[in-house]
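Hi,

Here is the structure I said I would pass on.

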Amino acid sequence: MSAFQDARSFPKDTVLSPDLAIIGGGPAGISLALALADSGQSILLLESGGVTFDAQAQKLYEGKETGVAYTAMDGGRLRYLGGSTNHWGGWCRPLDPIDFEDRDAVPYSGWPFPRSEIEPYFARAQALVEAGPWVYDKAGEAASDSGPLLGLAPGGVYTSWFQFSKTKDGVLPTHFGDRYQNDLKRAAKIMPLLNANLTGIRLSKDGRQMDHLDVATLAGNRLVVKPRFTVLAAGAIENARLLLASNDVTAAGVGNGNDLVGRFFADHPIPRDVATLVLFDGRMPPFYTNFLTLPNGAVLRAALSPRAEFLRQKNVVGSLTTIENETKLDAFATAAVETTAEALRVDASKAKAFSLGCGMELAPDPDRRITLSDKRDALGMPQAVLNMTISDDDFLHFRQTLSELGRQLLAARSGMIHLSYSQRHEWLSAMDWGNHHLGTTRMSTDPRKGVVDADSRVHGIANLYVAGSSVFPTYGSSNPTMNLVALTLRLADHLRKALA
Amino acid sequence: MRRRGLLTGMIAVAALAAGAAWKFRLFAKHYPPTPYDDLLSQITDREPAIMFGSAARKSLPSAARLAAELRRDGRILSARAEIEPKENRVTEVAGWIVPQSVALYAALAAQI
């Protein structure tokens, strides 16, 4: 068993030469290290923080936000072992096949491969996030004992399912640092190095190879790491920041020859109370508002999702709508319900109303981006600046999906819907964010369109890779953790061959 | 025997009165006659329709034009309301997604 090492205890100018260096001990970094533990190659897992929260390490995340109001740069992520899984909600759902498609109506959309490319890794990813047996969209049948699905006529929206990481019996979602600490220690060829901050990615003079990594601690130690291969797995904001700040050989930063590093940042907007759903008979199946635990241990919750055909037909991007709390109707709303129910010849005397929440997908936007500030952190690294954007079309797209849901409820004579917001300022005043950082080192086979290639390798640099949701070129509306772990396991298979 | 007969008679009178009240809508709110009663009579409870229609009327034509449009269709409200969502003919009134005819009838009710 190799205990964790602390970079602060290393002598000055120590040089480490592992086969593989992984930058970041979050879900991607830990999954990658564990997947390659039996490869026979030495792996150095560099984690900026310790095993628990440390305010000084967290402060290294400080930065600036411009544009649309967004979570503070040090507020939506955590800088210690386990990364942002230390505060995640455990929501899991695979990306949909359409999320991978190049759609004419969605500029910059499309992955270099279809979903089938990562499907073989879903089962292992599901096991790593501890979300139970793979059920998802087969859950309707399994849940039928608990009640029928929401009455929706045929159309663009259907009942889809989330699964949850370890929320059964009140146990919190899997925190990768806590959960896999012992596995990391047990792996003879993995050296987890704590309090070790990457401060520079140094390229060979011709810029085609990653030569070495500069590492520093807040205590003042400086180390040099000379790995054969390096994988950045520090999250979408930090990956971009590190690449941009490493500008000694290529002035624009590493991998930024086409001015793409940091662009196309995305998150999932989760505006509150986006709509009110009324069921005429008042009977909401319980698994839409609460967890449902199946006998096989899977913890599920139903949501409402647009079908791929609807997205293509209407030229909109994805969303997931959740049914939240029962709510009261005012006099006007009651009049709307009574008038409509009477016209439909249905009894609405027991009608109940429920507020709706959501996770919206954003269309890719090159101006939603990470750049560097003149201000520096305690290690001398330039801080990150995020320019956050959200377009009127993003709101309009989601509104179209909600309208379709309303149409299907009416067509089934089961209920109706009220849309809360129509003006931009209304959406923004209700805005919250998933803190799912995506897209800043997007994947494309074409170096003019992406920072990394289909193997997650930085274009033009032989031995530098990026893992995590920062490579997602189109985002989908599913929560990213399980998907990024699956993608990382695919990268592990590639690296296993490259390292051999 | 007389007492039982009296009781039966009272129940019968009460039942007849209730039936008449229902049949002739004695306790329902009555509205002055309008040129559109053939349409408005399809709305059993006009009060909520008037309230809801007050929001719909802002973006819809006058009562006469609305009525003409509704009569042209020929079908009754319930038949239209049931089929319209299936034919993608829904509209938004103050954020509510409703069958188009519901908005039209409610707007008509609110304009009288």
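Before anything else, keep in mind that this is a predicted model. I started with the overall size of chain A: for 500 residues, a compact globule would have a radius of gyration near 23 Å, and chain A comes out at 24 Å, so the two agree.

On the inside of chain A, 54% of the 500 residues count as buried. Its secondary structure runs to eleven helices and 21 strands. I also looked at contacts in chain A with a separation of 6 or more: 75% of them are between residues 24 or more positions apart.

Then there's chain B. Its domain assignment gives domain 1 (1-26) and domain 2 (31-111). Taken over C-alpha atoms, the centres of domain 1 of chain B and domain 2 of chain B are 38 Å apart.

As for how the chains meet, 23 residues of chain B are in contact with 22 residues of chain A. On the chain B side, the elements that give two or more residues are α3 (46-56), α5 (77-83), β1 (90-93), β2 (96-99) and α6 (100-111) of chain B. By class, that side of chain B has 15 nonpolar residues, along with four polar and four charged ones.

That's what I have so far.

Cheers

Definitions and conventions: Residues numbered from 1 in each chain as written. Chains lettered and ligands numbered in written order. Predicted model: local features only at pLDDT ≥ 70, side-chain atom pairs only at ≥ 80, totals over all residues. Helix = DSSP H or I, 4+ residues; strand = E, 2+ residues; numbered from the N terminus. Rg over C-alpha atoms; globule rule 2.2 N^0.38 Å. Buried ≥ 20, exposed ≤ 12 C-beta atoms within 10 Å, placed from the backbone. Contact = placed C-beta atoms within 7 Å. Nonpolar A, V, L, I, M, F, W, Y, C, P; charged D, E, K, R; others polar. Domains from an automatic or database assignment.
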